[in-house]
Amino acid sequence: MKRAIAVARRGIAAGQHPYGAAIVRNGRLLACEHNTVMATTDATAHAEVCAIRSACRKLRGVDLTGCEIYCTCEPCAMCMGACYFSGIGRIYFGAYIADKFTFGLPDLGVGASALSKLGKGAPKVTGGVCRQKCVELFKMFLAREQA
């Protein structure tokens, strides 16, 4: 999670949204990316999707079975779907979607926690990992936006 937080900070400094994600397999870091929606003008370039794309390129395939993803915020429905279809087995996240709402940041409100209970074979989800440090990313982002 420390890597995901660090890359999210770099993303904020580069004018991106406050999210980072790291993918690990067998204790080995495969990918660590931040949100690049603004830089790429790609609404799907969330940190999780960017990390999945990077890990798949590194492994030269789309099967991320045996991988875990560490996200600074609870994955949205799109990112949860990407985790599911790539075979990621575990999702660890810091801030909850409810935390985003506290700062006025947008989300559909249905994220990984709820979706993991619906699909057969969905990734296992653990929330609140380094939560306070992840919530701080929202504060950093908003301070930069207001500057």
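Here are some questions and answers about the fold of this predicted model.

User: Happy to dig in! Which residues count here, given that this is a predicted model?
Analyst: Residues are numbered from 1 along each chain as its sequence is written, and side-chain values use heavy atoms, leaving out hydrogens and water. In this predicted model, totals for chains, interfaces and linings use all residues, while side-chain atom pairs count only at pLDDT 80 or more and local features need pLDDT of at least 70.

User: How many helices and strands does the protein have?
Analyst: Helices (H or I, at least four residues) and strands (E, at least two) are DSSP runs, numbered from the N terminus. Read from that end, the elements go α-β-β-α-α-β-α-β-α-α-β-α. The count is seven helices and five strands.

User: What radius of gyration does the protein have, and what would a compact globule have?
Analyst: The radius of gyration is taken over C-alpha atoms, and the globule rule is 2.2 Å times the number of residues to the power 0.38. The C-alpha atoms fill a box of roughly 40 × 30 × 25 Å along the principal axes. For 147 residues the rule gives a radius near 15 Å, and the protein agrees with 14 Å.

User: What share of the 147 residues is buried?
Analyst: Buried means under 20% relative accessible area, exposed means over 50%, and partly exposed lies in between (1.4 Å probe, protein chains only). Strand 1 (residues 20-25) has five of its six residues buried, and strand 4 also has five of six buried. For the protein, the buried share is 45%.

User: Which strands pair with strand 1?
Analyst: Two strands pair if DSSP finds at least two bridges between them. Strand 2 (residues 28-34) runs antiparallel to strand 1, with six bridges joining them. An antiparallel pairing over five bridges links strand 1 to strand 3 (residues 67-73).

User: Do strand 3 and strand 4 run parallel or antiparallel, and which residue of strand 4 is the bridge partner of Ile-69?
Analyst: Five bridges join strand 3 to strand 4, and the two run parallel. The bridge partner of Ile-69 in strand 4 is Ile-91.

User: Is Phe-93 buried or exposed?
Analyst: Phe-93 has its place in strand 4. Contact means heavy atoms within 4.5 Å, and beyond residues up to four places away in sequence, Phe-93 touches several others, including Met-1, Cys-71, Ser-113 and Val-125. With a relative accessible area of 0%, Phe-93 is buried.

User: What do the buried residues of helix 4 pack against?
Analyst: In helix 4 (residues 77-86), the buried residues are Cys-79, Met-80, Gly-81, Cys-83 and Ser-86. Just after the helix, Gly-87 takes a positive phi of about 90°. The buried set packs against helix 3, strand 3, strand 4 (90-95), helix 6 (112-115) and strand 5 (124-126).

User: Where is Thr-41, and is Thr-41 buried or exposed?
Analyst: Most residues other than glycine have a negative phi. Thr-41 is not a glycine, yet its phi is positive at about 45°. Thr-41 sits in the loop between helix 2 (37-40) and helix 3. Its relative accessibility is 74%, so Thr-41 counts as exposed.

User: How far apart in space are Arg-60 and Ile-12?
Analyst: Arg-60 lies in the loop between helix 3 (47-59) and strand 3, and counts as exposed at 79% relative accessibility. Arg-60 also has a positive phi of about 60° although it is not a glycine. Arg-60 and Ile-12 are 48 residues apart in sequence, and C-alpha to C-alpha they are separated by 29 Å.

User: How far apart do the centres of the positive and negative side chains lie?
Analyst: Lys and Arg count as positive and Asp and Glu as negative, leaving out His and the chain ends. Each charge is placed at NZ of Lys, CZ of Arg, CG of Asp or CD of Glu. There are 19 positive and 10 negative side chains, and the centres of the two sets lie apart by 7 Å.
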